[in-house]
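Subject: Structure handover

Hello,

Here is the structure we talked about. Please open it alongside these notes.

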Amino acid sequence: RNLDRCFCIPSVVWSLGDGQAPEDLDKQIENPPLSTLLIEKPQSGSISVGGDITFIAKVEAKDLLRKPTVKWFKGKWMDLASKTGKHLQLKESFDRITKVHTFEMHIIKAKENYAGNYRCEVTYKDKFDSCSFDLEVKGWRCPSCCFALRLPPRRPDTLALLCGAREPKQEEVPEVDYEKIAFMYGITDLRGLLRRLKKTKKEEKKSEAFAKKLEPAYQVDKGGKIRLIVDLADPTVELKWYKNGQEIRPAPKYIFEHKGTQRIMVINNCQLNDDAAYSVVAGDEKSTTELFVKVLPVNIVKELEAVKTTVNERIELECEVSEEGAQVKWMKNGVEVPTGVRSRYRVKAEGTKHWLIIDDAMKEDTGTYSIMATGGTSESHVQVDLKPLKILQDLQDMKILLGKPLKLHCEILPINVPGRWYRNGQLIQPNDRISILHRANSVLHDAGDYTFVPEGYSQSLSAKVHIIDPPRVHLEALNAPDNTVTIVAGNKLRLEVPISGEPAPRVVWMKGERVIRAETFTDHTSLTIDVAEREDTGNYKIVLQNEAGEDTASVKVKVVDIPDAPGSPLVPEVGGDWCSMTWDPPHYDGGSPILGYFIERKKKQSSRWMRLNFDLCKETTFEPKKMIEGVPYEVRIFAVNAIGVSKPSEPSKPFIPLAVTSEPTMLVVDDVTDTTVTMKWRPPDTIGAAGLDGYRVEYCIEGSETALRDLCPDEWIVANKELTEKTRYTITGLTMEDKILVRVKAINAAGESPPRTTQHSILVKEVIEPPKIRIPRHLKQTYIRKVGEVVNLVVPFVGKPRPKVNWLKDGEAIEPSQVSIRNSDCDSIIFIRKAERKHSGKYKLTVQVEKHMDTALLDIQIVDLPGPPQCVRIEEVWGVNVALDWTPPKDSGNAPITGYTIQKADKKTMEWYTCLEHYHRTCITISELVVGNEYFFRVFSENMVGLSESATTTKDIAVIMKEGLQLKSPEYIDYDFTEAPKFTQPLVNICAIAGYNTTLNCSVRANPRPKVIWMKNKIIIVDDPRYRMFSNQGVCSLEIRKPSPFDGGMYTCKAINDLGEAPQICIHKMTPSSFITRLHRTTIPIR
């Protein structure tokens, strides 16, 4: 049931939304606990009929994990989410910066019944918040009734019946005999069925608890009394009354009465909050109703009157309404008048009369005041003016000496008018007195035009004051000792010297006998030097003159500057990552003592200077560190005084930090003969940026005078005249049985490194070392390679002097033409470029030094693919099974046979299918064969290299016969199906698009299967990636991939077999893609 309720108030319509079914009122509405979610709530508003309005609600989402749920309601129960459309829109948005959800309700082209109370509810998990607001629609007045009903069609309303409203008459529709039409066309007459169902008597279920239930609706005037009566069928049943689902307890407002079987609830002094749904529960049954409270409008009986008065007077606005205790609202210029404790406005009400009182009127109180009641409004205009101004004594012009008392006096009426004093248009001091006295002695700034302006008036009082004073220079304001001003060269100098004198004195600046141009203002004079230089140092004289006298003063100016650049630095010593540097102080210190120096360096190839010291260096020497070895550097110096930093000195000459390498490591004896000693060593641990140019080997004979003199460096014998880059060197020309000491030095651009010397002397005599063969791990087992692969085996050995090496294969010498052998001092290499099976065997290596000998045995196996099995036989055929047997191959490929692969083929197709792989035995049973087919079988042998190149096929055919039947094949004369090639579908001339694939198709019939050849311009197409040829079931296709204009021409398809050949020709033309684009990508075939 949809109800809209409105009050007959001029220009205002109050409307409630859709109601809730009475039987649902007893359900408890469980709302989550209230909490504050809305940070901005929708505000009440008013619009005219046809206008638009927007209500906004904002929810802060900082503590929310997801978007809250927002619902908009009109009245008590109408959910507006289902009413969105042309006149109502609901929108929502989210600001990621402020983290605020914004929900908007837009009402478009409002109608009269849109007015009323609305509600916004926000729910998030266990949090809940709501806000109510009103919408006022202006420009509509209810014609006759206090209630405006908005009813769904074809449904009378109980409340409309209570108000005596009638349903609008329906337009008469001519009756149509639908039964006859349905019978004529064989259609089910649903209207007739519904009519007959309507005529059937509806048996209403009789209530067991109630003899008479509540009426559907009740109406009562505001302040009146209403009786809700229900008649019980069982007086002993327990009865409970509810209001909007909440149980009603006995109270002065609610009185419960019992009269026989009647139960009566009396509601006294009905108010708007009593407008609700009521229900009564007796046992398991319930009766519901709805109570409507009618409110009469409050009319204005006596209108407001216009008021015109002056400031500080009392204003009373009086109005009379039609009802005592009525609520009214006072407005000023459309805004509600504040009536709080601190407000200037007071509201008074006695009976039906209401007053708005302003005790001390001000000019700002001027405006339109109105009073609003539920039955109308009344307004009047209030005008507050100022009282006329009268000047009793005006201000007088004055002329006074400096230091004399100054007094300005004036008198005006009214006497209590406040005002402001101005001097030369500037506010002096706001004061509410009529006269202001300057009792102190006058000063220069007291001179000027004085004006007194009464507040609220356009008139003003003015006077001029003139003060005379002799000139004077105030040098004490400079705060400079001995009147000396120090300035840094290059800066701007501005000397502002305060002066006094009235009238303004004439100012002259002089340096010596020369007059200098300067600026002069009312209270000071200024000398400006844009760029101070050393020549600007000196005494400056200031001369002041006016009609009252003369004064002079002197100021001394001193210009200081940064020092000159120091001399170019020198770098006398360089290390691996450091250097030492010196420089000369600057010739001129800038007038201030040198405080210290800053040092900077840079790489020669770079333009970026890096400061080395952040604390000033007091000396003229410095030692930079942490430089990169081998990188050229430059350094420069800055001088610093109290003024600043000088310009940089000239850079030093480029220098490169370099360091010698560390000593060589792991110096050991590698070999000794009767006349030579071979030494080897490892490079130094630290080489540095200077690199390593080579090594110098020196030796000394033990027992000589050099050795006795503790190996003096000058007595060591240099073994290599030129530096050696290798880490192994042989010292020659030695005498047998001598003992020597050896040392090695690393040499680079920075010099010699510390030497590395042997700890013990070395005896010059060759030592015999028995030979020893060191067989690699992978050669300790059989070395297997495939036929055709490379064999390259390296067998190292040791022994001194150089051993003799000998190879044997299977006890015989190795032919050099078959196997290449290369020997060295420490190993022997056997090399076979392309291995063959004959290279397999046992290879024996013998190494001999004098009487000492060592041997090693290598097993080399060259493997190949195996041969096919021998004699594959069909042992037995039964059912769908065939038993096969075969013998291993003669040639195993020099490797054991690892398995067999068995394949079968149907005699009709002769297509081979694999039955089993990697089978190890030489007999097998093949099952699940097809009845009626004839099969051939073949077997491949397999070893570690792979399958044999060929297979052995059974000579006999295995025929799979159906058991129990013997088919006697009739004898037929073989029909000759052979046929020469013949094209059943010829080629067609086509026009193709350049860049798009095209296909030429035709079909041919021939037996035996013909060979198909494609030709372009009578040239056979063979292995061309631009063409793809297909032939399937007699259909021949040629695909041209992305053809170009050069692919156009005459194409021929030729089919050839033993009985003949047949050609087929077509013309293939190309069309440029640009032309096809102009034709909207359409092609025209040419036939």
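R1026 is partly exposed, because its relative accessibility is 37%. The cut-offs are these: buried means under 20% relative accessible area, exposed means over 50%, and partly exposed lies in between (1.4 Å probe, protein chains only). D1047 has a relative accessibility of 2%, so it counts as buried. The R1026 to D1047 salt bridge is 2.9 Å, N to O. This pair links distant parts of the chain, 21 residues apart. R1026 sits in the loop between β81 and β82, and D1047 in the loop between β83 (1035-1040) and β84 (1049-1057). Salt bridges that share partners also join R314, E316, R346 and D359 into one network.

The model is predicted: local features need pLDDT of at least 70, side-chain atom pairs count only at pLDDT 80 or more, and totals for chains, interfaces and linings use all residues. Residues are numbered from 1 along each chain as its sequence is written, and side-chain values use heavy atoms, with hydrogens and water left out.

**Other salt bridges**

The structure holds 40 salt bridges. The criterion is a side-chain nitrogen of Lys or Arg within 4 Å of a carboxyl oxygen of Asp or Glu. Side chains of opposite charge can pair when their charged atoms come close.

R802 and D825 form one of them, at 3.0 Å, N to O. This pair also links distant parts of the chain, 23 residues apart. R802 is in the loop between β62 and β63, while D825 is in the loop between β65 (820-823) and β66. D825 is partly exposed, because its relative accessibility is 48%.

K838 and E836 meet in another, at 3.5 Å, N to O. K838 has 47% relative accessibility, so it counts as partly exposed. E836 is partly exposed too, with a relative accessible area of 36%.

Helices (H or I, at least four residues) and strands (E, at least two) are DSSP runs, numbered from the N terminus. Strand β62 covers residues 791-800. In a regular strand the side chains alternate between the two faces of the sheet. Which side chains of β62 are buried? V791, L793, V795, F797 and G799 point to one face and are buried.

Strands count as paired if DSSP finds at least two bridges between them. Strand β60 (residues 769-773) runs antiparallel to β62, and three bridges join them. E769 stands opposite K800 there. Strand β66 (residues 827-832) is also antiparallel to β62, joined by six bridges. S828 in β66 is the bridge partner of V795.

**Backbone points to check**

Two cis peptide bonds deserve a look. One runs from K800 to P801, with omega near -15°. P801 is in the loop between β62 and β63 (804-809). The other runs from N1007 to P1008, with omega near 5°. P1008 is in the loop between β79 (998-1007) and β80 (1011-1016).

Positive phi angles come next. N894 has a phi of about 60° although it is not a glycine. Its place is the loop between β70 (881-887) and β71 (899-906). N894 is partly exposed, with a relative accessible area of 29%. D1023 has a positive phi of about 50°, and it is not a glycine either. D1023 lies in the loop between β81 (1019-1020) and β82 (1027-1032). With a relative accessible area of 78%, D1023 is exposed.

**A glycine and a surface patch**

Is G245 buried or exposed? G245 is buried, because its relative accessible area is 2%. G245 lies in the loop between β13 (239-243) and β14 (246-247). G245 and Y278 are 33 residues apart in sequence but 7.8 Å apart in space, C-alpha to C-alpha.

L392, L413 and I415 make a nonpolar surface patch of about 270 Å². Patches are made of residues with over 30% relative accessible area and no salt bridge; like charges are joined within 9 Å, nonpolar side chains (Val, Leu, Ile, Met, Phe, Trp, Tyr) within 5 Å. Accessible areas come from the Shrake-Rupley method with a 1.4 Å probe; for residues, only the protein chains shown count as cover. I415 is in the loop between β31 (411-413) and β32 (419-423). I415 counts as exposed, because its relative accessibility is 58%.

Best wishes
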